[in-house]
Amino acid sequence: MDCMNALVHSFILFWLPMKILEHDIVLPHGRTADYLFLGNCIYTYVVVTVCLKAGLETMSWTKFTHLAVWGSIIIWLVFFTIYSYFWPTIPVAPEMAGQASVILVSPCFWLGFVLVPTTCLINDVFWKLLQEKREEKQLEFPLLHLLEGTTATDVQTSLAPKPCEVVFQESSVDLSAPCGYAFSQAEGSVITQEELVRSYNTLVSERRGS
């Protein structure tokens, strides 16, 4: 599924800009679009699409997520502009000189800047929304199934604390006597904590464990 999605993205990222520039356009200063114009447009659209795709896959949007997604797009545009204007200082790829002054003022470039990534990711957006709806239904269905035909009284009864059975070895302990607090040792209690511990039948757990 991911491979097919990547092939669809690659097809759109290449052929849609090709169709936009199919009948050629006249750029400022009387220049026409060439392979450099097309290549820089496609590369820019790839950067935008990849960043937005990463934003769709993230689970939570924080300040670092915004910085990574939108910052990467802005950094590429700034780098492209600086590299285009400062080519003599960086003697690499001389054909890139002046490309920013041609591409960044072209309406066709900004049309593709919005249209191409949107066309690529429209399917991903709908798929993500569908997955979120399915997850919400999966979380709601077991709860509705358990509460079906259950009254408020039944819910309160099921949540009420149940009495615990205490087993004593000797019958000398009066279970009807009032109990002291957990931190009391022998202060005003009917039996001391030592007597209570000694009268507890520890053989019950041993037999069950064996």
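Which residues are buried in helix 1? The residues buried in helix 1 are N5, H9, I12, L13 and P17. Buried means under 20% relative accessible area, exposed over 50% and partly exposed in between, with a 1.4 Å probe and protein chains only.

## Basis of the model

This is a predicted model, in which local features need pLDDT of at least 70 and side-chain atom pairs count only at pLDDT 80 or more, while totals for chains, interfaces and linings use all residues. Residues are numbered from 1 along each chain as its sequence is written, and side-chain values use heavy atoms, with hydrogens and water left out.

## Overall make-up

The protein has 8 helices and 0 strands, and from the N terminus its elements run α-α-α-α-α-α-α-α. Helices (H or I, at least four residues) and strands (E, at least two) are DSSP runs, numbered from the N terminus.

Of the 210 residues in the protein, 24% are buried. The protein exposes about 16000 Å², and carbon and sulfur atoms supply 66% of this area. Accessible areas come from the Shrake-Rupley method with a 1.4 Å probe; for residues, only the protein chains shown count as cover. Among contacts between residues at least 6 apart in sequence, 63% join residues at least 24 apart. Contact means heavy atoms within 4.5 Å.

Helix 1 has 19 residues and reaches 27 Å from its first C-alpha to its last, close to the 27 Å expected at 1.5 Å a residue. The expected span is 1.5 Å times one less than the number of residues in the helix.

H9 lies in helix 1. Why does H9 count as buried? H9 counts as buried because its relative accessibility is 11%. Not counting residues up to four places away in sequence, H9 touches C120, L121 and D124. H9 and V116 are 107 residues apart in sequence, and their C-alpha atoms are 9.5 Å apart in space.

Helix 3 has 23 residues and reaches 31 Å from its first C-alpha to its last, close to the 33 Å expected at 1.5 Å a residue. Helix 3 bends by about 35° at G71. The bend at a residue is the angle between axes fitted to the seven residues ending there and the seven starting there.

The buried residues of helix 3 are T65, V69, G71, I73, W76, L77, F80, Y83 and S84. T65 has a relative accessible area of 15%, so T65 is buried. Leaving aside neighbours within four places in sequence, T65 is in contact with T58 and S60.

## Core and aromatic residues

The largest nonpolar core has 28 residues, and F37 and Y45 have the most contacts inside it. Helix 1 (2-20), helix 2 (35-57), helix 3 (63-85), helix 4 (99-103) and helix 5 (107-147) are the elements that give two or more residues to this core. Helix 2 gives the most, with 9 residues. A nonpolar core is a set of buried Ala, Val, Leu, Ile, Met, Phe, Trp, Tyr and Cys residues joined through side-chain atoms within 4.5 Å.

A search of the whole structure finds 10 aromatic pairs. Rings of Phe, Tyr and Trp (its six-membered ring) pair if their centres lie within 6.5 Å; planes under 30 degrees apart count as stacked, over 60 as edge-to-face and the rest as tilted. Y43, W76, F79, F80 and Y83 form one aromatic cluster.
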